[in-house]
Amino acid sequence: MVFWLILLGMTLATLAFLALPFLARARDERRGDDVAVYRDQLAEIDRDLGAGRIVAEEAEASRIEVSRRLLKAAEREKEAASDAPGVARGRRTAAVAFTILALPAIAAAFYYRLGAPWEAQPRPAVEAKAPAGLTLADMIARVEAHVRDNPSDGRSYEVLAPVYMRLGRFDDAVGAWRKAVELLGDDANRQAGLGEALVGQTQGEVTAEARKAFEKALALDADSVPARYYLALAAFQDGRREEARQKWTGMLASAPSDAPWTAPVRRALAEMDAQAATADPAAPGPRASDVEAAARMDQGQRNDFIRGMVDRLSDKLKQNGDDPEGWARLVRAYGVLGETGKAEAATADARKALGDSAVKLARFEDALKAAR
Amino acid sequence: MIPEIGHYALILALAVSLVQSVVPLVGARTRDPVLMDVGTKGAYAQFALMCVSFGALAAAYGQSDFSVAAVYENSHSMMPAIYKFTSLWGNHEGSMLLWVMILALFGALVAAFGANVPTSLKATVLAVQSWIAAFFYLFILVTSNPFMRLAVVPAQGRDLNPILQDPGLAIHPPLLYVGYVGFSISFSFAVAALIEGRIDAAWARWVRPWVLLAWIFLTLGIAMGSYWAYYTLGWGGWWFWDPVENASFMPWLAGTALLHSALVMEKREALKVWTILLAILTFSLSLIGTFIVRSGVLTSVHAFASDPARGVFILVILLLLIGGALALYAWRAPTLRQGGLFAPISREGALVLNNLLLSTACATVFVGTLYPLALEAVTGAKISVGAPFFNLTFAPLFVPILIATPFGPLLAWKRGDLAGASQRLMFAFLAGALGVLVAFALQGKPAVALAAIGLGFYVVAGSVAELIERVGLFRVPFTTAMNRAGGLPRSTWGTMFAHAGLGLTLIGIVCETAWGLETIGAYKPGDTIPIGGYELKYEGIAPRQGPNFTADVASFAVVAGGARIGIMEPSKRAFAARGMNTSEAALMTRGLGQLYVAIGDVNPDKTTTVRVYWKPFVLLIWIGGLFMAFGGTLSLSDRRLRVGAPKLARNRARAETPA
């Protein structure tokens with residue numbers, strides 16, 4: 001209520017101020033005109049002459065020039081004065097009406113469209129009285145503050161990283177896991193966490209970097225579930241379907257009966273089979289079935305086939321260029337087709353499209369290097 | 001509640017600007033003083049409302065109110081208070097709000113100090129000014145609203161881009177914007193004059209202070225921005241010819257030309273048509289600069305195409321304002337009567353030459369800045385037009401400007417005496433020759449640098465020549481000369497300072513580029529780096545904790561002539577919130593030169609990459625800028641009127657008559 005009164009007050013005050021001239025008694029005073037300027041210019045000549053800055057002949061010449069301007073200005077002034085200054089009541093009424101109607105109408109319309117008046121009310125008490133008064137965001141902020149003050153406390157990073165993961169802040173999660181590894185040393189759990197965060201960053205693709213992390217995790221703990229799962233996924237994404245199947249079924253065989261993670265593994269297996277049957281156009285890379293099909297074709301057919309795929313990928317990237325690995329695949333594909341010009345153009349496009357983010361640019365360059 | 005009040009104030013300002021766009025104009029056409037007065041009141045109201053709006057946003061930043069999207073995106077509760085405030089304009093939304101805030105401020109200034117301007121001209125100017133304001137209020141509200149709220153309030157902000165967390169940023173954009181936006185006044189005056197159909201010497205006088213004011217701030221803003229880039233970007237460059245810099249440099253060149261052509265118009269009523277065109281073009285260049293910087297075309301033409309709302313909006317504003325003004329100009333200009341006549345060799349002629357060269361230089365920068373963008377838009381090829389292009393095209397244009405600079409003030413109006421002027425510049429020529437000799441003795445080569453140093457000395461000495469001439473120093477008794485110096489118009493002093501500043505900047509540039517020293521290498525603690533008579537002893541690197549960053553601070557003891565003269569501490573800062581690093585260079589001023597140290601990464605073998613520069617006389621570059629701005633200020637404070645055709649009094653007898 002107070003808020004609305006304030007808005008109303010602002011509107012009325014502005015209106016009143018704008019309408020002031022209409023209320024005042026009409027004074028037809030002509031302030032500042034060019035006649036005054038030229039009079040001043042004449043006085044200046046006298047001053048200059050007095051101070052010895054100009055000689056008499058020059059002063060005279062200037063005086064004539066300025067006087068001419070002065071005469072002209074004075075003439076114009078007289079003409080203007082004979083033009084009766086328009087004090088048409090009707091026009092003034094119209095102007096006042098326009099001001100008084102248009103101003104609040106425009107303001108109200110815009111505020112109705114753009115404003116968030118509910119934000120002006122004191123926030124509902126829920127938040128203030130939340131249990132222990134802490135939201136997840138507050139807790140994160142606290143740990144972040146703690147980390148800032150104690151930048152060498154590896155434990156805090158280890159606490160933060162999974163929270164970031166859950167919030168989908170994969171970039172932060174990658175950073176936190178890296179810090180944890182750096183400060184606390186290698187550990188299967190941390191490496192696997194880092195791998196998962198990297199996969200999250202690329203929306204599900206197991207990059208070379210992520211694979212390295214999982215391999216480290218597996219070396220430290222041969223039973224690391226995420227490492228085994230994602231390495232199988234990596235094999236699948238690379239088109240090595242049999243290897244992937246073996247790895248996943250292996251996981252299932254060794255699983256304790258109550259393991260909660262068997263479900264996702266089964267789902268992955270089922271998905272793989274389903275994909276082999278019906279090609280999923282949304283899949284990111286060349287699909288396993290496609291690759292197998294390509295293997296059976298002769299060279300010409302294969303090139304046509306690859307070209308079709310490349311065109312699809314290129315169209316996709318044109319619509320959404322935010323995909324470093326996709327770009328790298330495209331460049332690589334042009335390379336395979338021997339179209340170096342297009343490969344270079346694609347590289348340039350990629351850098352342009354990813355230019356906003358140094359991280360993504362680096363990922364693109366890495367992926368490109370890995371492919372060579 | 002506060003952000004909502006600020007939001008509403010902005011909306012109300014838009015409403016006022018729409019009323020002010022129409023009513024005073026009707027008043028001016030019908031000579032109704034009451035309607036015309038609405039312009040003045042509206043300008044005050046807009047300014048007051050913008051103060052409320054800007055203040056509200058500042059309060060939101062101050063309280064780290066992360067329910068406001070812009071605050072969340074660009075602030076952090078741990079930032080020092082000063083950066084909380086400056087992050088207000090360290091981003092698109094906030095900087096546009098600052099832009100219109102300054103626009104409203106100028107409107108109010110015209111309302112307050114425009115009392116010497118005829119009422120109807122003033123009303124029209126304020127209406128035109130209000131058109132510009134209305135466009136930009138709309139732009140902000142529709143495409144870049146700084147008051148947008150977040151439904152879920154985050155606990156912590158995302159921090160300001162670390163590179164912008166610097167005192168330089170605190171002052172640089174406001175100065176630059178005052179310059180940019182200040183030219184809107186000369187634009188409004190030009191359009192108003194075309195509407196009114198009356199353009200004469202008096203118009204030039206009325207518009208001149210506004211041009212000067214904008215020019216002073218733009219000069220300071222550019223100098224400040226250059227110094228900021230010099231010490232934050234970490235490799236000691238002070239001018240990059242990058243499009244953002246060019247965007248501010250183009251209006252400066254055009255504004256400088258305008259400043260000079262308005263002088264001719266004021267004194268002799270000549271160059272009217274050209275001056276009006278320059279007034280329109282100068283602000284158009286400011287707008288184009290805003291478009292280049294704000295639409296995102298710079299990052300990539302494609303980025304612009306994928307989110308075109310902002311860019312297209314500014315483009316439409318550009319077309320309407322610039323196109324409209326130029327159309328009006330094309331329609332009205334042919335009806336203007338030409339003013340006073342003059343010989344080619346005269347003060348007017350010199351100023352025309354100045355204008356020709358400055359506008360050509362400006363066109364060069366314009367092409368160099370926009371051509372790559374246009375090419376990318378059409379063919380998709382990304383090329384960069386860098387320093388080599390500008391050095392090749394810009395330098396040959398500026399050499400004649402510099403040669404002509406000292407001549408201008410020495411030539412008389414109407415018909416000048418070139419031989420006489422050269423005679424009076426004799427000592428400036430000598431100073432130039434002396435400069436070449438000194439530089440040759442100290443450095444020897446390269447020849448181009450020697451010539452440029454000579455040119456710099458000549459410009460500085462030549463700028464004093466007019467003064468010496470006018471007070472009759474060495475020809476009349478010293479006390480008389482001093483008395484006369486006191487009686488000279490401030491604008492004469494202003495000219496001297498501004499022109500000398502140009503020479504000083506040139507000397508600084510030449511010394512820095514030709515004789516600067518640079519050492520890059522990997523050093524271990526304990527190593528000594530010799531450079532230009534100094535020795536830097538690397539003492540080690542240690543972590544240090546800042547408010548919202550951690551830093552690795554390296555420490556170098558500086559030794560000169562066997563004595564330890566100080567410690568330099570360059571550092572690398574890591575900002576956790578954005579995961580970004582910045583490099584903080586360390587500077588040590590010795591005379592007018594500077595030692596400059598920046599560190600890179602610490603290598604695996606415990607060495608650190610260190611870059612050390614010795615930059616002789618580098619400070620002159622910015623001191624020259626300060627001189628120019630100071631000259632402008634002196635000229636601005638000269639409220640007296642000057643009239644056409646006074647030739648210097650050489651008659652000694654007459655000169656000695658007391659005033």
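User: Is B:Met79 buried or exposed?
Analyst: In this predicted model, B:Met79 counts as buried, because 23 C-beta neighbours lie inside 10 Å and the cut-off for a buried residue is 20 or more.

User: Where in chain B is B:Met79 placed?
Analyst: B:Met79 belongs to the loop between α3 (69-74) and α4 (81-86) of chain B.

User: Which residues is B:Met79 in contact with, leaving aside neighbours within four places in sequence?
Analyst: The contacts of B:Met79 are then B:Lys84, B:Leu160, B:Pro547 and B:Asn548.

User: Let us turn to chain B as a whole. How many helices and strands does chain B have?
Analyst: Chain B has 22 helices and 10 strands. Of its 659 residues, 56% count as buried.

User: How many of the contacts in chain B with a separation of 6 or more are between residues 24 or more positions apart?
Analyst: Such residue pairs account for 75% of those contacts.

User: Now the helices. At what angle do α10 and α12 of chain B pack?
Analyst: Helix α10 (residues 272-294) and helix α12 (residues 309-332) of chain B pack at about 175 degrees, and their axes are 10 Å apart. The two helices are therefore roughly antiparallel, since angles over 145 degrees count as such.

User: Which residues meet there?
Analyst: On the α10(B) side they include B:Ile276, B:Ile280, B:Leu287 and B:Phe291, and on the α12(B) side they include B:Ile314, B:Leu318, B:Ala325 and B:Tyr329. By class, this contact of α10(B) with α12(B) has 14 nonpolar, two polar and two charged residues.

User: Over to chain A. Why does the length of α10 there agree with what a helix should span?
Analyst: Helix α10 (residues 208-220) of chain A has 13 residues, which at 1.5 Å a residue should span 18 Å; the end C-alpha atoms are 19 Å apart, so the two figures agree.

User: Which residues of α10(A) are buried, and what covers them?
Analyst: The buried residues are A:Ala210, A:Arg211, A:Ala213, A:Phe214, A:Lys216, A:Ala217 and A:Leu218. Their cover includes α9 (188-201) and α11 (225-237) of chain A.

How values were computed:
Residues are numbered from 1 along each chain as its sequence is written. Chains are lettered from A and ligands numbered from 1 in the order in which they are written. This is a predicted model: local features need pLDDT of at least 70, side-chain atom pairs count only at pLDDT 80 or more; totals for chains, interfaces and linings use all residues. Helices (H or I, at least four residues) and strands (E, at least two) are DSSP runs, numbered from the N terminus. The expected span of a helix is 1.5 Å times one less than its number of residues. A residue is buried if 20 or more other C-beta atoms lie within 10 Å of its own, exposed if 12 or fewer, and partly exposed in between; C-beta atoms are placed from the backbone. Two residues are in contact if their C-beta atoms, placed from the backbone, lie within 7 Å. Axes are lines fitted to C-alpha atoms, for helices over the stretch in contact, and angles run from 0 to 180 degrees between N-to-C directions. Angles under 35 degrees count as roughly parallel, over 145 as roughly antiparallel, 65 to 115 as roughly perpendicular and the rest as oblique. Ala, Val, Leu, Ile, Met, Phe, Trp, Tyr, Cys and Pro count as nonpolar, Asp, Glu, Lys and Arg as charged, and the others, Gly among them, as polar.
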